[in-house]
Every structure is written in C-alpha cells, then in structure tokens.
Amino acid sequence: VASGSGVIAPGTVLGRLTADGKLVPSPATGSDGSETAVAVALYGCDATGADQSIAIIARDAEMKADLLVHHATVNDAAKRAAKAAQLAAAGIIVRA
C-alpha cells in the first residue's frame, strides 16, 4: 500500500496506481489508475508515512458487500455498484 494512504482497514477496496503499481484506496473517480478497483485488503495497516506490505484478495473470491470499506468518495449505492462491477472484472464477486 502506497505511503500517504493513511490507515487502511481490513476490507478496504483498493486500486492500483498506473505510475508505480502500488495500491491505494480506490476513489470514485480519477485518472491515475486507482479509480479502478482491483483488490481488497485482507488485513489493515498504517500507510501514513511509509509504504506497507499487506495481504490482499486479488482474484477468485466472494466478498460480502457490507464488509467492504470504501474510499470516502464512494458514497452512494451507484458508486458502490460500480466498484462491485470493477471487482467482478478482477474475479472478486461482491454478494449482498
């Protein structure tokens, strides 16, 4: 998880930065690659001041929707549905 991401909770939906391949919480919009959800944090970490290595779920999984932690900009049902679709494209199915 990239430095500057802050405290990451287990279940956080993550996107990958195009520039360096590091993961950050996936916002609703953007242009740096992180706007596309590709993984879910299995464990939490504090990436406030330094990059952190954590286990992630990146494919072939099912997640319960109410256990996912979204970026603050993913703040309504339509945006959450878009993240679920992006995760599905990565092989992570979000269930109600």
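Mentor: Let us begin with contacts, bearing in mind that this is a predicted model. Setting aside residues up to four places away in sequence, Leu23 touches Val1, Ala2, Ser5, Leu14, Gly15, Arg16, Val38 and Ile56.

Trainee: How many residues apart in sequence are Leu23 and Val1, and how far apart are they in space?

Mentor: The two are separated by 22 residues in sequence, whereas their C-alpha atoms are 4.7 Å apart. Leu23 belongs to strand 3, which covers residues 23–25.

Trainee: Is Leu23 buried or exposed?

Mentor: Buried means under 20% relative accessible area. Leu23 has a value of 9%, and therefore counts as buried.

Trainee: Where does Ser34 lie, and what does its side chain contact?

Mentor: Ser34 is located in the loop between strand 3 and strand 4 (37–41). Its side chain forms a polar contact of 2.6 Å with the side chain of Asp32. Beyond four places in sequence, Ser34 touches Gly15, Arg16, Leu17, Val24, Ser26 and Pro27.

Trainee: Why does Ser34 count as buried?

Mentor: Ser34 counts as buried because its relative accessibility is 4%, and the cut-off for that class is under 20%.

Trainee: Which backbone feature should be noted at Asp60?

Mentor: Its phi is positive, at about 50°, although Asp60 is not a glycine. Asp60 sits in the loop between strand 6 (56–57) and strand 7 (61–64).

Trainee: Is Asp60 buried or exposed?

Mentor: The exposed class requires over 50%. Asp60 reaches 66% relative accessibility, so Asp60 is classed as exposed.

How values were computed: Residues are numbered from 1 along each chain as its sequence is written. This is a predicted model: local features need pLDDT of at least 70, side-chain atom pairs count only at pLDDT 80 or more; totals for chains, interfaces and linings use all residues. Side-chain values use heavy atoms; hydrogens and water are left out. Helices (H or I, at least four residues) and strands (E, at least two) are DSSP runs, numbered from the N terminus. Buried means under 20% relative accessible area, exposed over 50%, partly exposed in between (1.4 Å probe, protein chains only). Contact means heavy atoms within 4.5 Å. A polar contact is a pair of N or O atoms within 3.5 Å; within protein, one must be able to donate a hydrogen and the other to accept it, and residues adjacent in sequence count only if both atoms are side-chain atoms.
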